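Student: I would like to learn how to read pockets and helix packing in a model such as this one. Could we go through it together, one feature at a time?

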Amino acid sequence: MTAIASILPPLLLSFALSVLLTPVVRRWARRRSLDIPNERSSHQVPTPRSGGIAIVVAIVATSAVFAEARALFWIAPMVAVIGMAILGLADDLVRLPATIKLIVQVVLAGVVIAGAGGGAAQQGTVIVDVPYWLIATAMLFWMVGVSNAFNFMDGIDGIASTEAILCSLVLAIFSIRNGDAGAAILALAVAGAAGGFLPWNFPRASIFLGDVGSGALGLLLALLVLRVWEGGTPFIAAALPLLPFLCDTSATLIRRIARGDRIFEAHRKHFYQLLTIAGWSHPSVTALWSALAFVSSMAALRYESLERSERLLLLLALLAVHALVFRGIVRVHRRAARSA
């Protein structure tokens with residue numbers, strides 16, 4: 001009962017702030033940040049975006065109330081997430097060049113690594129005997145990669161919010177197991193904020209996250225994975241809830257490179273997008289990705305209790321499930337295209 005009582009306040013505060021602030025942001029976005037459908041859109045009517053403003057405010061405010069404001073772990077993520085939110089908002093409003101966004105993302109990830117993420121890099125040096133600079137570089141790619149993966153996957157109603165809820169709840173459980181109150185509070189703030197936004201975004205979106213929300217959520221979840229790893233949880237276990245987004249993004253990138261596509265151009269070739277093009281509804285596609293995330297999350301919670309060979313089999317089984325789902329999606333898309 002005591003554990004539940006300590007978990008509920010940050011979760012409920014973040015949820016309440018998000019659910020109350022989202023309609024306020026929506027009124028502003030209808031005038032200043034409206035998403036007009038084009039040939040790459042998955043929606044048909046103009047819809048406000050930048051709803052992630054409410055999520056970011058809820059996360060920062062909740063963290064400020066419940067976390068130690070002077071702690072380095074709190075300061076570095078908040079600086080980075082506010083910076084990422086400002087970058088995303090600018091992109092929502094004026095569409096920044098991809099190179100500018102990438103440079104700023106790298107700088108912000110570097111801020112986190114220099115502050116809150118430094119311990120994880122040091123731990124990697126101790127555990128696997130790899131130079132600090134190499135671990136730090138890998139962490140940089142991880143944080144920028146997850147931030148962009150969330151941005152790429154935020155293309156239909158509810159898909160990014162539900163992924164953020166599941167992933168952050170699992171990371172909160174890991175943080176509690178590790179005795180890391182600061183990381184648990186931040187993870188619960190993310191879960192509550194994404195949950196408060198969800199009713200406005202699913203099953204039929206009246207506002208989108210926008211880059212201001214997707215980039216910030218991706219950065220925070222990437223950071224929390226590193227923090228949980230620093231606390232002693234295997235990195236793979238911490239990262240497993242993100243597997244559906246990582247697999248879709250990685251496989252799509254590989255397919256586009258193999259076809260000679262310009263990888264920085266916007267497109268509709270992600271597997272979740274192929275399903276919507278084939279005629280699946282947004283709720284149906286989001287439900288499928290949420291099911292994959294749920295299975296991956298349950299596997300993450302079991303991972304530490306398994307032997308090394310069992311861990312490998314579990315990971316291979318999860319990858320095989322995703323591969324089979326993606327192969328089925330390609331077939332569905334091709335059949336739909338032939339019958340069109």
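Student: How many nonpolar, polar and charged residues does the lining of the second largest pocket have?

Tutor: Please keep in mind that this is a predicted model. The lining of the second largest pocket has six nonpolar, six polar and two charged residues. The volume of this second largest pocket is about 240 Å³, and among its 14 lining residues, those closest to the centre are H43, V45, D157, R204 and A205.

Student: At what angle do helix α8 and helix α9 cross?

Tutor: In general, a pair of packed helices is described by the angle between the two axes together with the distance between them. Here helix α8 (residues 181-201) and helix α9 (residues 210-230) cross at roughly 150°, and their axes come within 11 Å. Angles over 145 degrees count as roughly antiparallel, and α8 and α9 are therefore roughly antiparallel to each other. The crossing of α8 past α9 is left-handed. On the α8 side the contact is made by A183, L186, A187 and V190, and on the α9 side by L217, L220, L221, L223, L224 and R227; by class, these residues are nine nonpolar, no polar and one charged.

Student: How are α11 and α14 oriented to each other?

Tutor: Helix α11 (residues 243-258) packs against helix α14 (residues 308-339) at an angle of about 55°, with the axes 11 Å apart, and the two are therefore oblique to each other. The crossing of α11 and α14 is right-handed. From α11, the residues L243, P244, C247, D248 and R255 meet L318, L319, H322, F326 and V330 of α14, a contact with seven nonpolar, one polar and two charged residues.

Terms used. Residues are numbered from 1 along each chain as its sequence is written. This is a predicted model: local features need pLDDT of at least 70, side-chain atom pairs count only at pLDDT 80 or more; totals for chains, interfaces and linings use all residues. Side-chain values use heavy atoms; hydrogens and water are left out. Axes are lines fitted to C-alpha atoms, for helices over the stretch in contact, and angles run from 0 to 180 degrees between N-to-C directions. Helices (H or I, at least four residues) and strands (E, at least two) are DSSP runs, numbered from the N terminus. Angles under 35 degrees count as roughly parallel, over 145 as roughly antiparallel, 65 to 115 as roughly perpendicular and the rest as oblique. A crossing is left-handed if the near helix is turned anticlockwise from the far one by less than a right angle, and right-handed if clockwise. Contact means heavy atoms within 4.5 Å. Ala, Val, Leu, Ile, Met, Phe, Trp, Tyr, Cys and Pro count as nonpolar, Asp, Glu, Lys and Arg as charged, and the others, Gly among them, as polar. On a 1 Å grid over the protein atoms alone, a cavity is a set of points where a 1.4 Å probe fits but cannot get out, and a pocket is an open set with protein on both sides within 12 Å along at least five of seven lines; lining residues have an atom within 4 Å of a point. Grid points are joined across faces, edges and corners, and a volume is the space filled by probe spheres set on the points.
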